[in-house]
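Student: I have a model on screen and want to learn how to read it. Can we take it feature by feature?

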Amino acid sequence: MDEQSWQTRDYRAEDAPALAALSRAAILGLGPQAYPAEQCAAWAAVLVDDEAWTQRLQEAWVRVAHDDDGNIVGFGAIALPGQIDLLFTEPDRSRQGVASLILDDLLAIAAAMGARSLTVKVSALSRGLFERHDFVADGPPAERPGLPAGQPMRRAKV
């Protein structure tokens, strides 16, 4: 399946369980490439609280990527005009352009919201994606007890 067969749309409330499952699958399926299994399990467990997850999605502008059959293959969220909060793809869609498609949507949304710069805390797995989209490291990794550290990154121009 090539990038041309994916589309994006806005999040719908009924997407919440599928996005939680996709996040867990991405963390548990891809995370061990960069982090110890215990950290990946702890990271995935953070998403177990359905009420908090749903609230997090409702407070952000979320874009969902799907294939021609409507199957969700990734999603991303911008929490503030200049802060990207989430970006995940199905493990079997990793490195196929889905995350770039979603990130392009988030960049356009940030520009429309009037953001002058963008920030994000990225995993070791997604750092290259953000670097290819002109983000640079912005300080030391943010340590989170028991969880993988998130690397703060910034894009100076939206």
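Tutor: Start with residue classes. Ala, Val, Leu, Ile, Met, Phe, Trp, Tyr, Cys and Pro count as nonpolar; Asp, Glu, Lys and Arg count as charged; the others, Gly among them, count as polar. Next, the ground rules. This is a predicted model, where local features need pLDDT of at least 70, side-chain atom pairs count only at pLDDT 80 or more, and totals for chains, interfaces and linings use all residues. Residues are numbered from 1 along each chain as its sequence is written, and side-chain values use heavy atoms, with hydrogens and water left out.

Student: How do the residues of the lining of the largest pocket divide into classes?

Tutor: The general idea comes before the count. Rolling a probe the size of a water molecule over the atoms shows where empty space is left. On a 1 Å grid over the protein atoms alone, a cavity is a set of points where a 1.4 Å probe fits but cannot get out; a pocket is an open set with protein on both sides within 12 Å along at least five of seven lines; lining residues have an atom within 4 Å of a point. Here the lining comprises 22 nonpolar, 13 polar and eight charged residues.

Student: How much space lies in the largest pocket, and which residues lie nearest its centre?

Tutor: A volume is the space filled by probe spheres set on the points, with grid points joined across faces, edges and corners. For the largest pocket that gives about 1,000 Å³. Its lining has 43 residues, and Leu87, Phe88, Val122, Ser123 and Ser126 lie nearest the centre. Elements giving two or more residues to this lining include helix 1 (16-30), strand 4 (83-89) and helix 4 (98-112). Strand 4 supplies the largest share, seven residues. Helices (H or I, at least four residues) and strands (E, at least two) are DSSP runs, numbered from the N terminus.

Student: How many aromatic pairs does a search of the whole structure find?

Tutor: Rings of Phe, Tyr and Trp (its six-membered ring) pair if their centres lie within 6.5 Å; planes under 30 degrees apart are stacked, over 60 edge-to-face, and the rest tilted. The search finds four pairs. Trp53 sits in helix 3 (residues 50-58) and Phe75 in strand 3 (residues 72-80), so the pair ties together parts 22 residues apart in sequence. Ring pairs link Trp53, Phe75 and Phe88 into a cluster.

Student: Is Trp53 buried or exposed?

Tutor: Buried means under 20% relative accessible area, exposed over 50%, partly exposed in between (1.4 Å probe, protein chains only). Trp53 counts as buried because its relative accessibility is 4%. Phe75 is buried too, at 0%.

Student: Which residue forms a salt bridge with Asp15?

Tutor: Side chains of opposite charge can pair when their charged atoms come close. The cut-off: a side-chain nitrogen of Lys or Arg within 4 Å of a carboxyl oxygen of Asp or Glu. The structure holds seven salt bridges. Asp15 pairs with Arg9, with the closest N and O atoms 2.7 Å apart. Both Asp15 and Arg9 are buried.
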